[in-house]
Each structure stands twice: as C-alpha cells, then as structure tokens.
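The sequence and structure come first, and the text follows.

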Amino acid sequence: MIIREHQDGFIFIEQDQHARLSGSMIKHWNEAHFPNSPFHSSTIYAIDHHDVGWKPFDQEPFWNDQSQVPYSFTDFPNPAKTVLYTAGIETVEAVDVYAGLLCSVHYTRFLEKDASSYSQQFVVQEKNRQHRIIHSLDNFDANVFAVHSSLLQLCDNLSLFICLNEPGENKHPFFVHGIPLSAELRNFTSDKLAVTWKDKQTIALSEFPFTEPATFTYAYKWVAKRAIIEQGLIPAYKQAPVQETTISFI
C-alpha cells in the first residue's frame, strides 16, 4: 500500500493500482527506447503486473501500532514482503516466464542488502529461479534484458513519483533530486530525469519518453482518521469510496 498522510485522513493507493499506472506508461512509450527483442510484450506484461503479489494484502490494510499510521510499502515488514513478493513473481511467471524473470530480478535487489534470514532465503530462492529461467530461454540476451529491467525500474519510479507526492509537490525524499536513469537506457542523455510540476495535474519531464503528451489515471481512497478511530482501519477502508486522479505528462 502507498500511504500519504493528511491532517485529518490518509490517502491509500493499492500497489497493484500503482503498477497498472506504470503499465499504462510503458504502453505509451516511444518504440525507439525499446531494443529489438522477441520479449517486447513480456516486458510490458511485467511492468503492468509487477506488484500483483500485493493485491490480496492491500484489500485489508495493516495498522502500524508503533507509528500509529497504516503500514505502507516502505515500512511493511520484510518477512511479510518475501511472502507477497514470491506470490507475485509466481503469478507472473505462470503467465509469462520472461516477465516472471524481470519481476524476480526487480524484487531481489530490494532485499539483497537485508541480512535477515527471511530476506536472504528469498534472495537465494530467486537467484535459483533466475538461473533456471535464463537457461530455459533460447533467445535470452543479457544486454537486452538489462534494458528491459531498467525500463521496469524507470516506469516503477515514474509511477511512484506521482503516487508518493501530493499533486503539484515534489517533497518525497525518493525523488526530490530527480529520477535516476540507468546507463542501459542509452536513449537518454543524462543520468537523471528532472520532473517538474507545471500545475497539480501536469508534469514536465526533462527528456520525454512517450510518443506524444500522455494522460494517466490512478485510483485511490481517502479515509478519515476519525472513521478509523470509530470503526477500525479495515471497515473504514472498505467503506471509503474509490476516487480517481488524472495526471498528464508533457
């Protein structure tokens, strides 16, 4: 879950909704940024579904007793993350093996530096999965895969920029200095993508990756703190109506 706290309530954005936003972005991507590869559609599928493992967890949000706010993806306990990461990777792999490989690599890098036994078991598990998948693919190209993996990271970050920041603001520490660009993305001329709000619904990018100005929509819920106190987090969340925000890139 992605959480933004307000004085009197919380914005909740489900991880799968954020992933679908990144998937909408890659579907508008300039084809010049894609290498020639038989795994083009697999890459789009991975970006669109990379957070599917969060979906059942986000139906009933968890409360963080220590900080007295709902858990977000940034502070959700890592042992629980290994469960939902694994479920998501396996769900994607069952549909598209190459997409599953992309999701496995994407999630492994999040936990590689965590010394806990659960995280290290997950890393070993996923390294074995990656080895198995790579050796099962006849047309696997490590250089092309690196580009696809970088595109997944970039679309993930662009979507997170929108979801973590209030419209019109760039205050979240993840991206306050721009969005990092991997060296594998050779169509970009810098190592960072500058992101500037023109107004609360329009974002300008220092280098434009889409075929034309593009508009995207994501769903969220706003839940009042009073409702959480009176009803409990899960009932308050379930009763809150789904709303939408639209953002345009120019």
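A cavity, as the word is used here, is a set of grid points where a 1.4 Å probe fits but cannot get out. The model is a predicted one. By this rule the count comes to one cavity of 30 Å³ or more, and the largest cavity has a volume of about 70 Å³. Its lining consists of Met-1, Trp-54, Phe-57, Asp-58, Pro-61, Phe-62, Tyr-71, Ser-72, Phe-73 and Phe-76. Divided by class, these lining residues are eight nonpolar, one polar and one charged.

The largest pocket holds about 430 Å³ of space. Its lining has 21 residues, and those closest to the centre are Phe-73, Tyr-85, Phe-110, Leu-160 and Phe-174. Two or more lining residues come from each of H1, helix H3 (78–95), helix H4 (97–111) and H6. H4 provides the largest share, five residues. In the lining of the largest pocket, 10 residues are nonpolar, seven are polar and four are charged.

For the second largest pocket the volume is about 230 Å³. It is lined by 16 residues, and Ile-3, Arg-4, Glu-5, Ser-72 and His-172 lie nearest its centre. The elements that give two or more residues to this lining are strand S1 (2–5) and strand S4 (69–70). S1 supplies the largest share, four residues. The class division for the second largest pocket is seven nonpolar, four polar and five charged residues.

**Helix packing**

Two packed helices are described by the angle between their axes and the distance between the axes.

| Helix pair | Axes come within | Crossing angle |
|---|---|---|
| H1 (residues 15–26) and H6 (residues 142–164) | 8 Å | roughly 125 degrees |
| H2 (residues 40–49) and H6 | 10 Å | roughly 30 degrees |
| H3 and H4 | 7 Å | roughly 165 degrees |

The axes of H1 and H6 cross at roughly 125 degrees, which makes H1 oblique to H6. The crossing of this pair is right-handed. On the H1 side the contact involves His-18, Leu-21, Ser-22, Met-25 and Ile-26, and on the H6 side Cys-155, Asp-156, Leu-158, Ser-159, Leu-160, Ile-162 and Cys-163. These residues divide into eight nonpolar, three polar and one charged.

How do the axes of H2 and H6 cross, and how close do they come? They cross at roughly 30 degrees and come within 10 Å. Angles under 35 degrees count as roughly parallel, so H2 is roughly parallel to H6. H2 passes H6 in a right-handed crossing. Thr-43, Ala-46 and Ile-47 of H2 meet His-148, Leu-151, Leu-152 and Cys-155 of H6. By class, this contact has five nonpolar, two polar and no charged residues.

The axes of H3 and H4 cross at roughly 165 degrees. Because angles over 145 degrees count as roughly antiparallel, H3 and H4 are roughly antiparallel to each other. The crossing of H3 with H4 is right-handed. From H3, the residues Asn-78, Thr-82, Tyr-85, Ile-89, Val-92, Glu-93 and Val-95 meet Val-97, Ala-99, Gly-100, Cys-103, Ser-104, Tyr-107, Phe-110 and Leu-111 in H4. The contact divides into 10 nonpolar, four polar and one charged residues.

Conventions: Residues are numbered from 1 along each chain as its sequence is written. This is a predicted model: local features need pLDDT of at least 70, side-chain atom pairs count only at pLDDT 80 or more; totals for chains, interfaces and linings use all residues. Side-chain values use heavy atoms; hydrogens and water are left out. Axes are lines fitted to C-alpha atoms, for helices over the stretch in contact, and angles run from 0 to 180 degrees between N-to-C directions. Angles under 35 degrees count as roughly parallel, over 145 as roughly antiparallel, 65 to 115 as roughly perpendicular and the rest as oblique. A crossing is left-handed if the near helix is turned anticlockwise from the far one by less than a right angle, and right-handed if clockwise. Contact means heavy atoms within 4.5 Å. Ala, Val, Leu, Ile, Met, Phe, Trp, Tyr, Cys and Pro count as nonpolar, Asp, Glu, Lys and Arg as charged, and the others, Gly among them, as polar. On a 1 Å grid over the protein atoms alone, a cavity is a set of points where a 1.4 Å probe fits but cannot get out, and a pocket is an open set with protein on both sides within 12 Å along at least five of seven lines; lining residues have an atom within 4 Å of a point. Grid points are joined across faces, edges and corners, and a volume is the space filled by probe spheres set on the points.
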